Amino acid sequence: MLLFLISCFSFILLSKSLSFKNQYPRMKGEWRLLSPWFWEGFSSFMVSWFQKGRLGICFYQLPMILTLRKKMRLGPKVDNVEEERISLLDLPELTLECILERLSPAGLCSMAGVCSSFRERCTSDHLWEKHMKQKWGKVIGDAAHREWQWHIASRKRPNLLGPSKQKGFLGSLTNMWPFSWFTPNLEGSSSQRKTDLPNDSMMSWYLSLETGKFWFPAQVYNRENGHAGFMLSCYDAKLCYDSKTDTFQARYSPHGQRTTEEYISWDRLRVPPVDTPSHVLHISDCIPDLKPGDHIEIQWRRNKEFPYGWWYGVVGHLESCDGAENHCRCQYTVILEFNQYPASSRWRKTIINRKDHREVGNEADGFYGGIRKLCKEEEILMWKRLWPNQVLE
């Protein structure tokens, strides 16, 4: 095979050298045309194909490559050939769908501004569901989805103050970071634009989260920048995303003035594990089955006007039973230990009745509410990762 290739290559060089003088001016023009266009387009195409496993195709590169490839195939003697430009829409349906699935959110927004056909394809929910799950799946839960449904329902109500001045979807992208680089090609008159994006679409929800225009409910570990009074706790908050810093801003609603916090990282957020509002006692169904060594979260609040937060603890033994199975009385009561506090602290332990548990406590020590048992290892590891470096006072 190697000998065959060498022979063919030698024959081609010999044949080209015989006609080199006659063809030199023409070949020089051809290669002058071919080199900067073809290789630049081809290299850009290949780099965008392999880079980060994504497919980024410029709409002007593919027709140019196909045209020059056809010109090379026909040879230099054919002058009057009508250039055939092939669009991405000419690709098979399955191939085009695979290309769109590889695009980033910014790439889909860019392609949506090319024509009405791409706009319909690139704004479809099935393409954006993957991006929603990939980026927002760990912080967006049922509560956030209900909040979004209420949000879009309120936007559909008629405006009593006059006609809406909201811009179309593609027009609004010019003010959204990181999509500000994209200049949309708006179609139609200003009174009725065809580029408006439905409020209830998955793409609209994604962009509202990405640009920080939608505040969603979630929970924050160690609120207020790790304040010692909130170590190993998790509180409900309303959050919005800042794409420039890749962090979040939170609004808490304690008794009195609203508290805010900025620059919250992704690893301090979670989806609420139970569908219980922060001012409502959680109904505990795990108390009869709790045993020493189990990991739990329990509701706690400073007084009855404060919202509950979830606090991490473990199930321990009564001092009288000393951990011995033969003398254990823990079948009647549950001892909860919060080992982040010293043994002398009033918040180190609390006792819960197995049969008739309700909110217990007082104004001095706070009030303990519902309990949930931690069964997932990832939840336990998360609390251990947040463990303070020193015992809290």
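Colleague: Is Lys304 buried or exposed, or something in between?

Modeller: Buried means under 20% relative accessible area, exposed over 50%, and partly exposed in between (1.4 Å probe, protein chains only). Lys304 has a relative accessible area of 47%, so Lys304 is partly exposed. This is a predicted model, in which local features need pLDDT of at least 70 and side-chain atom pairs count only at pLDDT 80 or more, while totals for chains, interfaces and linings use all residues. Residues are numbered from 1 along each chain as its sequence is written, and side-chain values use heavy atoms, with hydrogens and water left out.

Colleague: With which residue does Lys304 form a salt bridge?

Modeller: Side chains of opposite charge can pair when their charged atoms come close. A salt bridge here is a side-chain nitrogen of Lys or Arg within 4 Å of a carboxyl oxygen of Asp or Glu. Lys304 pairs with Glu359, and their closest N and O atoms are 2.4 Å apart. Glu359 lies in the loop between strand 9 (349-353) and strand 10 (360-362), and Lys304 in the loop between strand 6 (295-301) and strand 7 (309-316), so the pair ties together parts that are 55 residues apart in sequence. Helices (H or I, at least four residues) and strands (E, at least two) are DSSP runs, numbered from the N terminus.

Colleague: What should I look for in backbone angles, and where is Leu232?

Modeller: Most residues other than glycine have a negative phi. Leu232, which is not a glycine, has a positive phi of about 60°, and Leu232 sits in the loop between helix 11 (223-226) and strand 2 (233-242). Leu232 is buried, with a relative accessible area of 0%. Asp246 also has a positive phi, near 55°, and is found in the loop between strand 2 and strand 3 (247-252), but Asp246 is partly exposed at 37%.

Colleague: Which residues of helix 5 are buried?

Modeller: In helix 5 (residues 105-112), 6 of the 8 residues are buried, namely Pro105, Gly107, Leu108, Cys109, Met111 and Ala112.
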